[in-house]
Amino acid sequence: MLKRTLIFVSLLSLFSCNKKLSEKEKVAYISTGKEITQATFNELSTNLMAQMKLGGPMQAIPFCNSEAMPITKKMEEKFNVSIKRASDKLRNSENKATERELQIISDYKSALKNNTELIPIVEINKYKNIQFYAPIIIDSKCLACHGKLGEELNVKTDSLIKTLYPEDVAVGYKVGELRGIWSIEF
Ligand code: HEC
């Protein structure tokens, strides 16, 4: 179904000849983008939560450290796109945001402040490929590893994180805050 919609939309764009996305294309790519981010989130989250159940953060963190990227890679292959979780406050420096991603993070933060809805974005990137962005929001399940030090995030967990990621600044978050964005290139 997913493939068929995209083939249909790509055919449409063959006839439209211009580089701007039509409303119809935007709607289709937003829906596909949401599907991909939801599936990737579920894959990461299910695996992570299973490790949390087995041994708490001390077991789940090394798991994240070695498996978050391979799991994401597997989803990239499944959907034939590139998938990135970018942030302005990084744990893994490989997730560094581009200038455009930082702009979108800043726009989403303003939207949160103004209580307006955070909606996914689709646009043509500088490589003339289609790019999808959507917000990643902190929920209570994230706090054991991204929350306030000495509160939800205990010192032992934090020191394991800092051993694996000496530059880590992805802590101090509260539920409802923007952790970063999904950035998907078709
Ligand atoms: C068990 C600890 C743990 C939990 C719980 C956790 N994370 Fe993380 N998070 C990590 C680790 C470790 C990394 C680095 C992964 C890597 O090396 O690729 C990470 C990386 C990320 C990144 C990539 C950006 C960056 O800074 O490298 C995002 C986005 C993120 N987490 C969001 C979340 C969200 C949202 C939740 C809750 C739904 C969550 N995390 C729950 C440990 C955790």
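**Exercise 1. Gln-131**

Classify Gln-131 as buried or exposed, and identify the side chains with which its own side chain makes polar contacts.

*Solution.* 
Step 1. Gln-131 has 8% relative accessibility in this predicted model. Buried means under 20%, so Gln-131 counts as buried.
Step 2. Look for polar partners. The side chain of Asn-125 makes a polar contact of 2.7 Å with the side chain of Gln-131. The side chain of Ser-183 makes another with Gln-131, at 2.8 Å.
Step 3. Gln-131 then touches Glu-101, Ile-121, Val-122, Glu-123, Asn-125, Ser-183, Ile-184 and Glu-185.

**Exercise 2. Strand 4**

Determine which strands are joined to strand 4 by bridges, and in what orientation. Then state how many residues of strand 4 are buried.

*Solution.* 
Step 1. Strand 1 (residues 82-86) is joined to strand 4 by 5 bridges, and the two run antiparallel. Within this pairing, Arg-85 has Trp-182 of strand 4 as its bridge partner.
Step 2. Strand 3 is joined to strand 4 by 7 bridges, and these two also run antiparallel. Phe-132 stands opposite Ile-184 in strand 4.
Step 3. Count burial: 7 of the 8 residues of strand 4 are buried, so strand 4 is largely enclosed by the rest of the structure.

**Exercise 3. The nonpolar cores**

For the largest nonpolar core, find the members that touch the most other members and the element that supplies the largest share.

*Solution.* 
Step 1. This core has 18 residues, and those touching the most other members are Ile-36, Val-81, Ile-83, Val-122, Trp-182 and Ile-184.
Step 2. At least two residues of the core come from each of helix 2 (23-79), strand 3 (130-137) and strand 4 (178-185). Helix 2 gives the largest share, 8 residues.
Step 3. Take Val-81 as an example. Not counting residues up to four places away in sequence, Val-81 touches Ile-36, Glu-76, Ile-184, Glu-185 and Phe-186.
Step 4. Note a second, separate core of 10 residues, with Ala-97, Ile-105, Tyr-108 and Leu-178 among them.

**Exercise 4. Helix 5**

Work out how the buried residues of helix 5 (residues 155-164) are arranged about its axis, and what they pack against.

*Solution.* 
Step 1. The buried residues in helix 5 are Thr-157, Asp-158, Leu-160 and Ile-161.
Step 2. Viewed down the axis of helix 5, these buried residues fall within an arc of 160 degrees, so they line one face of the helix. An α-helix has 3.6 residues a turn, so residues three or four places apart point the same way.
Step 3. Val-155, Lys-156 and Thr-163 are exposed on the other side of helix 5.
Step 4. The buried residues of helix 5 pack against helix 2 and helix 4 (143-146).
Step 5. Inspect the N-terminal end of helix 5, which is capped by Asn-154: a side-chain oxygen lies 3.2 Å from the backbone nitrogen of Lys-156.

Methods:
Residues numbered from 1 in each chain as written. Predicted model: local features only at pLDDT ≥ 70, side-chain atom pairs only at ≥ 80, totals over all residues. Heavy atoms only, no water. Core = buried A, V, L, I, M, F, W, Y, C linked by side-chain atoms within 4.5 Å. Buried < 20%, exposed > 50% of the residue type's maximum accessible area, 1.4 Å probe, protein only. Helix = DSSP H or I, 4+ residues; strand = E, 2+ residues; numbered from the N terminus. Contact = heavy atoms within 4.5 Å. Pairing = 2+ DSSP bridges. Arc of directions from axis to C-beta. Polar contact = N/O pair within 3.5 Å; in protein donor to acceptor, adjacent residues only side chain to side chain.
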